[in-house]
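Hi,

Here's the structure I promised to pass on. Open it up next to this email, and I'll walk you through what turned up.

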Amino acid sequence: MDLLLNPNTNATPETESGTKPAFNTEFADDVKAGFAGSPKTLSSKYFYDGAGSKLFQQIMELPEYYPTRTEFSILKKQKAEIINFFNPSDFFHLVELGSGDGLKTKILLRQLLQAKARFEYIPVDISGDAINQLQSALSSELPDLKTVGFTGDYFKALHWLKRNKPGRKVVLFLGSNIGNFEDNGDLKFLQEIRKYLSPQDKILVGFDLQKDPRVIRQAYDDASGVTAAFNLNLLKRMNRELGANFEPEQFEHFTDYDPIAGVVKSYLVSKRNQTVTFSYLNHTVSFKAWEPIHTENSHKYSVDMIKELGRKSGFETEQLFTDEQHYFADVLFRVV
Ligand code: AVI
């Protein structure tokens, strides 16, 4: 299981400037191991290099991709109610896991400042660039905000916080990233977070809800092909970083939603028998015609599933904030 899931921040910005990215041993090992198994797999965390992060920005703007704008509208409409549940007059650390550009969080930050809440904002991100950019934006946009950024993985951050910032915590894990884990990874992730929290602490988690299966399917198979390009970028990334010779036009993006399991599964399907060489790894991999590589899970939840997930992780569901169509929910769990 991969606990370091951080969609907006696994970028390798070096590729943006055209220089060769540093060799990533973990990526090489994961590719080798994932392609040795059956079915072949590749973790969705590798979507987010420089090009993939830009494509994900475009996905979030697509008419078919409802989660981002729905969560945005929930936060906008219910910000006053949400921050009240944080007990804003009692000092707390607001810790955001995967803060990225902080666009959604700024809605809550502004509201907290307006309400004269006693808090310090601690954005956590694997990308030092993302943290630096966010902090400089916040210092000009919200000069009264007290903030300390943390660059590193989530659990290192929580470990550091437990020792160095012992006060009450409200953790944010927005954007439905909780849905991108492998089987039971969501539970393991929340159970792990729970270990670093104390009574009185809370966590606000974004969940994409189960709905008309067609609406979900379209969100991952948009008419303009941006999601397909996002998936196929994995092949280009392997070409760039591992010296592979994938021909992206010899693979296709395929995705489907299983309403029983509540999961969108995405694949790259080989259109013919082909062998790919990874020149930096001295390694080859063969694909049969119509053989899939499983590249992503995106879980969709019912309210009962969310409450059960919370219970099993040591949390009680305190409040569920949703939109009129019940497409998305930001769920506040408190430690039990
Ligand atoms: C980052 N994550 C919540 C997105 C999702 O909806 O599962 C990733 C994504 N994959 C395809 N489209 C968007």
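Where does the ligand sit? The answer is the largest cavity. Before we go on, keep in mind that this is a predicted model.

Let's start with what is around the ligand. The shell has 14 residues, and the closest ones are Y65, N180, Y220, E296 and S298. Sorted by type, the shell residues come out as 7 nonpolar, 6 polar and 1 charged.

For Y65, an N or O atom of the side chain is 2.5 Å from an oxygen atom of the ligand. S298 also has a side-chain N or O atom by a ligand oxygen, at 2.6 Å. On its own the ligand has 350 Å² of accessible area, and the protein covers 99% of that.

Now zoom out a bit. Which elements each supply at least two residues of the shell? They are α2 (50–61), α9 (226–242) and β11 (292–299). At the level of domains, at least three shell residues come from domain 1 (25–48 + 214–299), and at least three come from domain 2 (67–211 + 300–335).

Two backbone details are also worth a look. The peptide bond from S38 to P39 is cis, with omega near 0°. You'll find P39 in the loop that runs between α1 (25–36) and β1 (40–41). The other detail is N87, a residue other than glycine whose phi is positive, near 50°. N87 is in a loop as well, between α3 (66–84) and β2 (92–97).

Cheers

How values were computed
Residues numbered from 1 in each chain as written. Predicted model: local features only at pLDDT ≥ 70, side-chain atom pairs only at ≥ 80, totals over all residues. Heavy atoms only, no water. Near = heavy atom within 4 Å. Polar contact = N/O pair within 3.5 Å; in protein donor to acceptor, adjacent residues only side chain to side chain. Areas by Shrake-Rupley, 256 points an atom, 1.4 Å probe, with all protein chains shown as cover. 1 Å grid on protein atoms, 1.4 Å probe; cavity = no way out; pocket = protein on both sides within 12 Å on 5 of 7 lines; lining within 4 Å. Sits in = over half its atoms within 2 Å of the grid points. Helix = DSSP H or I, 4+ residues; strand = E, 2+ residues; numbered from the N terminus. Nonpolar A, V, L, I, M, F, W, Y, C, P; charged D, E, K, R; others polar. Domains from an automatic or database assignment.
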